[in-house]
Amino acid sequence: ALVEMTRNSAEMNKMRQLRRLPNVVRMVRSLFVSERKASLPLEFVMKRLHQSYPGTIEKDVLEGDVHELGKSSGGLVHVQMVRTIYYVRLDSAVDINNVCKKYEQELANLENKT
């Protein structure tokens, strides 16, 4: 409760997103492994992630998480627009464990910040 009172809503939303991102990146990777494709349409990825996400989450929040992965995953996930459709591409050369550790460290730094 004290943490919620001392932080603004943007920081709280960022902390919630950082808690979700390691799970989302693992789910995206397992989706690409099961589909055996180099790239997938964003709508297909969102549908599968929403169906397999533990608990309830809105598609808009999940889509924001996928776009954040595209920006901050160090090249693991790429979100690109081709004509009028967004596609998600996964780079299998990037180690997923390093990306997850990065998000966990960023969350720890944000939580320890007072």
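Student: Which residues of α4 are buried?

Tutor: In helix α4, the buried residues are Leu 62, Asp 65, Val 66, Glu 68, Leu 69 and Ser 72, where buried stands for under 20% relative accessible area, exposed for over 50%, and partly exposed for what lies in between (1.4 Å probe, protein chains only). Helices here are DSSP runs of H or I with at least four residues, and strands are runs of E with at least two, both numbered from the N terminus.

Student: And why are they on the same side of α4?

Tutor: They lie on the same side because they cover an arc of only 160 degrees around the axis, the arc being that of the directions from the helix axis to the C-beta atoms.

Student: Before I go on, what kind of model is this?

Tutor: The model is predicted, and local features need pLDDT of at least 70, side-chain atom pairs count only at pLDDT 80 or more, while totals for chains, interfaces and linings use all residues. Residues are numbered from 1 along each chain as its sequence is written, and side-chain values use heavy atoms, with hydrogens and water left out.

Student: Back to α4, then: what covers its buried residues?

Tutor: The cover includes the helices α2 (9–35), α3 (42–52) and α5 (96–112), together with the strands β2 (77–82) and β3 (85–90). On the face turned away from that buried side, you will find the exposed residues Asp 60 and Lys 71.

Student: How many residues does α4 have, and what comes just after?

Tutor: Helix α4 runs over residues 59–72, which is 14 residues, and it reaches 20 Å from its first C-alpha to its last, close to the 20 Å expected at 1.5 Å a residue. Just after α4, Gly 74 takes a positive phi of about 70 degrees.

Student: New topic: where does α2 bend?

Tutor: The bend in α2 is about 35 degrees and sits at Leu 21, with a proline, Pro 22, following within four residues; a bend is the angle between axes fitted to the seven residues ending at a position and the seven starting there.

Student: At what angle do α2 and α3 pack?

Tutor: They pack at about 115 degrees, with their axes 10 Å apart; axes are lines fitted to C-alpha atoms, for helices over the stretch in contact, and angles run from 0 to 180 degrees between N-to-C directions. From α2, the contact is made by Val 24, Met 27, Val 28, Leu 31 and Glu 35, and from α3 by Phe 44, Val 45, Arg 48, Leu 49 and Ser 52, contact meaning heavy atoms within 4.5 Å.

Student: Which residues of α3 are buried?

Tutor: Those are Leu 42, Val 45, Met 46 and Leu 49, and they line one face of the helix because they fall within an arc of 100 degrees when seen down the axis. They pack against α2, β1, α4 and β3, whereas Glu 43 and Gln 51 are exposed on the other side of α3.

Student: What about Arg 36, where is its place?

Tutor: Arg 36 is in the loop between α2 and β1 (39–41), and it has a positive phi of about 55 degrees although it is not a glycine. At 76% relative accessibility, Arg 36 is exposed.

Student: And Arg 83, buried or exposed?

Tutor: Arg 83 is exposed, with a relative accessible area of 80%. Arg 83 lies in the loop between β2 and β3, and its phi is positive, about 55 degrees, although it is not a glycine.

Definitions and conventions: Expected span 1.5 Å × (residues − 1).
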